[in-house]
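Let's walk through this structure together, from its local details out to the way its parts meet. Have the sequence and the 3D view open as you read.

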There are 2 protein chains.
Amino acid sequence: MTAQGGNLDLADVFAYIDEHRDAFIDQLIDYVRRPSISAHGVGIAEVAEYIAGVMQEIGLNTRVIPTAGWPMVLGERMDRPGAPTVLLYGHYDVQPPDPLEEWVTPPFEPSIRDGRLYARGVGDNKGQHLAQILALKSLLAVRGELPCNVKVLLEGEEEVGSPHMPAFIQEHRDEVMADLVITSDGPVDESGRSRILFGVRGVLSFELRARGANRDLHSGNFGGVAPNPIWTLVHLLATMKNAQGEVTIEGFYDDVLPLTPLEQEALAKLPIDEEAVKASLGIAEFDEPRERGYFERLAAWPTFTINGFHGGYGGPGSKTVLPHEAVVKCDVRLVEAQKADDIFAKIEAHVRKHAPNVEVIRQGSMEPSKTPLDSPYAEPIRRGVALGQGEEPLLVPALGGSLPDYVFTKILGIPAFGVPYANPDESNHAPNENLELERFIKGIKTGAAMLTALGQM
Amino acid sequence: MTAQGGNLDLADVFAYIDEHRDAFIDQLIDYVRRPSISAHGVGIAEVAEYIAGVMQEIGLNTRVIPTAGWPMVLGERMDRPGAPTVLLYGHYDVQPPDPLEEWVTPPFEPSIRDGRLYARGVGDNKGQHLAQILALKSLLAVRGELPCNVKVLLEGEEEVGSPHMPAFIQEHRDEVMADLVITSDGPVDESGRSRILFGVRGVLSFELRARGANRDLHSGNFGGVAPNPIWTLVHLLATMKNAQGEVTIEGFYDDVLPLTPLEQEALAKLPIDEEAVKASLGIAEFDEPRERGYFERLAAWPTFTINGFHGGYGGPGSKTVLPHEAVVKCDVRLVEAQKADDIFAKIEAHVRKHAPNVEVIRQGSMEPSKTPLDSPYAEPIRRGVALGQGEEPLLVPALGGSLPDYVFTKILGIPAFGVPYANPDESNHAPNENLELERFIKGIKTGAAMLTALGQM
């Protein structure tokens, strides 16, 4: 394998992109100066119409489709019967810009400094899906047609948890159906190296709530008389995960799929300096179990994290109180093929058995998503990224945090690939969000190259 | 045993007390209208001088003795060489009166309603030690001398934890030394029945503090990578006390003295409606271990209460955070002959063994105090209470909360008795603190009767 795209020849398209560099950057500036803050309900509908107009203008058959929340923008161009259909997913909403006072230049007044464009949403996600759209524009300008069938789906509620995505995908199954989906979001590898993501872990959040007496009591007069809800939760939790780091909820690991040899091989190639990570976190040792490798922790195993534990006195000094209530908030990161419903049922059964008076409250969940590294679409995508980025990408099996990729892999049943274009220090969700302009241009080239490679299948 | 005082004849003294009822109540009103709030440093020095003057005037040789905090008032009258010397302990400081708006009449404008005097400090503790002083005054008025030797020690910092009592008792050992100490504080039994308290449990407060990474982390990116301080504390705590309610810290129960047959007998006589207690607390079952009796829980066993557990997210909904720090606050109630230093050393050793990175921070402690039910002074005190109160008192072995009685039993090495005079609904530490005037007058009689019975030994 080389860092080249094999028999891909995109010299003409890449030249067009380089020639139009300034116009493309102006187009990005025009897009990111328009606020579209889903959390605050600011500007979303207007920006949906705006980006739909951009897509329509370059030749996509585009609709703005209402949902129970903010609308979806769906464009398509089905030029090549028999060729693969690629769904490009992105989101046109952005994070709130607070705290405003920490921005060097205002979040919706785009500013170029040191080769980067600073603006809210420039990396997350406007610059990245605009790169895909401009890839389509460039291919159409130079070649007169697209190398494969393309659908573009832009959501307006990703930054508030994509509440209407699963229902939308189910209801519009035929309209969005494709052979694969590519999402360009988030950053390249910490090292700056480009990468292809094959999935994410799922997540299940829940709360455990224990009650003792009907009021706080004096520990001298009622300690040992009234049950202590903190002790109740301590003893319950200790039955759910042991000190060696193993989750001891019955059946918890039943559906965990072992990593494939290909995944193990890919994880082994990911760059990591474990000592540097420890130093940066200020820890002497990684969490139990100690023998696991860094990426094995994030890809191969579900986790059970206590996000918070609160009950009783928390002020300065001491207070001899026997608290009447305590609450624990937890999340479980799910790996393939665990299912949120099944794991929650197992947690509920465990609590019912060990501490029947403790209340279990289910909160949000997302299923894990995993695309095999040997998917037939993986190789053309790799070739496209290698040519567009000018380097061999890292291949990253499903690991880390959670995104709603499962709506594609589990509801549509199609492989999902992440091809991020942003710099690792894009400061998404933070002040001074930015995108390196060179990465924006490379993103346009990468989009064109991936689609061309997929069209050659 | 009858509800009478045996061969005690105090008809003349009781008649004197009844005749001076109004004057005694006026004296109490004059005392409680003077604020002496140790927590706010309001009026303490003035009230120390005031009550010292009252004591001097009735014929006690009285001094106001400075400490590193507020002064002690010490009076004595040693009329009877060879007779026992009784130390009467009380405190002239009061709780802050907040919240003021909940008082029906202002806290320092004493008001009589329905046979009760309402004022801050009337029950806790001015009315109770003034009853003892007026008992001395009545005995001197009627009999011309006291039936035994008497010392009166009034503290000005009891409501802020008696920080200077141990040092004062050690430094003034000879001046305060007596054969026994009697404290009249707190209420009679919940049922309204009078009682004699033979001690209190001790207390040891401490904090456990666990740290993970140097900052809060994303649970998807760092769960299973960085240690979770909440899990660390959960697993540590689970090794310190099991779900059956047994403390599993090595050596924790080593020094626990079993209840004596007399104590078991006394506990069995204490009135309790366990179902009514459960209903009042809103609990279905008492804490583990289930088989223990109500008073056995409070008298025979040390407890290990978690007062508070705080770490990570505690707001509404969920947050997928991996917290970097968590804190647990605890108290242990100590029974005879456990020692706070020894138990803390055992806790420290346990934590060092099971979770060496968890910090253990010692907070306040008080030793337990226990006077044998068959102390030779118990019977004369019982006779005095029976005559003064007109009913047989309950005998209460050391149980419940903690008071600094150990400065008498452990530092001076003398037996300590509690003979509370206040009604169970005195609302000490709360708005509308009050004392039933009939109990105040009975307290004066009880004081006179106890000293007379002790003088007959």
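**A guided walk through the model**

N125(B) sits in helix α4 (residues 122–143) of chain B; helices here are DSSP runs of H or I with at least four residues, strands are runs of E with at least two, and both are numbered from the N terminus. The peptide bond that leads from D124(B) to N125(B) is cis, with omega near 10 degrees. Before going on, please note that this is a predicted model, in which local features need pLDDT of at least 70 and side-chain atom pairs count only at pLDDT 80 or more, while totals for chains, interfaces and linings use all residues. Residues are numbered from 1 along each chain as its sequence is written, chains are lettered from A and ligands numbered from 1 in the order in which they are written, and side-chain values use heavy atoms, with hydrogens and water left out.

Chain A has backbone details of its own. The peptide bond from D98(A) to P99(A) is cis, with omega near -5 degrees, and P99(A) is found in the loop between β3 (85–91) and β4 (111–113) of chain A. In the loop between β4 and β5 (116–118) of chain A you will find D114(A), which has a positive phi of about 50 degrees although it is not a glycine. For background, most residues other than glycine have a negative phi, and most peptide bonds are trans.

Now step back to the domains. An automatic or database domain assignment sets the bounds, dividing chain A into domain 1 (11–200 + 368–455) and domain 2 (203–256 + 301–364). Their contact (heavy atoms within 4.5 Å) takes 7 residues from domain 1 of chain A and 6 residues from domain 2 of chain A. The area buried between these two domains is about 480 Å², where buried area is the accessible area (1.4 Å probe) that two parts lose on being put together, summed over both. P368(A), K370(A) and S402(A) supply 76% of what domain 1 of chain A buries against domain 2 of chain A.

The count between the two domains of chain A is 1 salt bridge, meaning a side-chain nitrogen of Lys or Arg within 4 Å of a carboxyl oxygen of Asp or Glu. Elsewhere in chain A, D18(A) forms a salt bridge with K445(A), with the closest N and O atoms 2.9 Å apart. D18(A) lies in helix α1 (residues 11–19) of chain A and K445(A) in helix α15 (residues 437–455) of chain A, so this pair ties together parts that are 427 residues apart in sequence.

How do the two chains relate? Chain B can be laid on chain A with an RMSD of 0.1 Å by a turn of 180 degrees and a shift of 0.0 Å along the axis, using a least-squares superposition on the C-alpha atoms of residues with pLDDT of at least 70 in both. The two copies are thus related as by a two-fold rotation axis. Among the residues of chain B, H310(B) comes closest to that axis, at 2.3 Å (C-alpha).

Finally, look at where the chains meet. The contact takes 66 residues from chain B and 66 residues from chain A, and the chains bury about 5,000 Å² between them, 57% of it on carbon and sulfur atoms. In chain B, V225(B), W231(B) and L281(B) lose the most area to chain A. Across this interface there are 0 salt bridges.
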